[in-house]
Amino acid sequence: MKGFIEVRVAYDELGLVLPVNGIKTIMESNDGHAVIEFESACCSDKPKGGISVIDTIESYEEVKQKIENEVY
């Protein structure tokens, strides 16, 4: 699917598909994994008011590359 990336959540390793346009920030944790700040409508009664933080098992570089592949 164009415009989406799949990541695996750190605590249960389940796959999660995220629309790239909802990703606000990607950070690198101390152990090198990616932490994604994501805009989520399900967490707030205000439009664009909810933010979720997703800790992944993929490295920062892996997630960065997935995003770049969908954007460029």
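The model is a predicted one, so to speak of local features takes a pLDDT of at least 70 and side-chain atom pairs count only at pLDDT 80 or more, while totals for chains, interfaces and linings use all residues. Residues are numbered from 1 along each chain as its sequence is written, and side-chain values use heavy atoms, leaving out hydrogens and water.

Met1 sits in the segment before β1 (4-8); strands (E, at least two residues) and helices (H or I, at least four) are DSSP runs numbered from the N terminus. With 73% relative accessibility, Met1 counts as exposed (over 50%; buried is under 20%, and partly exposed lies in between, with a 1.4 Å probe and protein chains only). Strand β1 runs antiparallel to β2 (residues 15-19), joined to it by five bridges; two strands pair if DSSP finds at least two bridges between them. Within this pair, Glu6 stands opposite Val17 of β2. The two strands form a hairpin with six residues between them, and Glu13 in the turn shows a positive phi of about 60 degrees.

Further along, three strands build an open antiparallel sheet in the order β3-β4-β5. The edges belong to β3 (23-28) and β5 (51-59), each with a single partner strand, so one side of each has no neighbour in the sheet. On average, neighbouring strands are turned by 20 degrees against each other, direction ignored (axes are lines fitted to C-alpha atoms, for helices over the stretch in contact, and angles run from 0 to 180 degrees between N-to-C directions). Six bridges link β4 (residues 33-39) to β5, and Phe38 has Ser52 as its bridge partner in β5. Helix α1 (residues 60-71) packs on this sheet, touching β3, β4 and β5, with its direction at about 110 degrees to that of β5; contact means heavy atoms within 4.5 Å.

Ser59 also belongs to β5 and, at 23% relative accessibility, counts as partly exposed. Leaving aside residues up to four places away in sequence, Ser59 touches Gly32, His33 and Ala34. The C-alpha atoms of Ser59 and Ala34 are separated by 5.2 Å, although the two residues are 25 apart along the chain.
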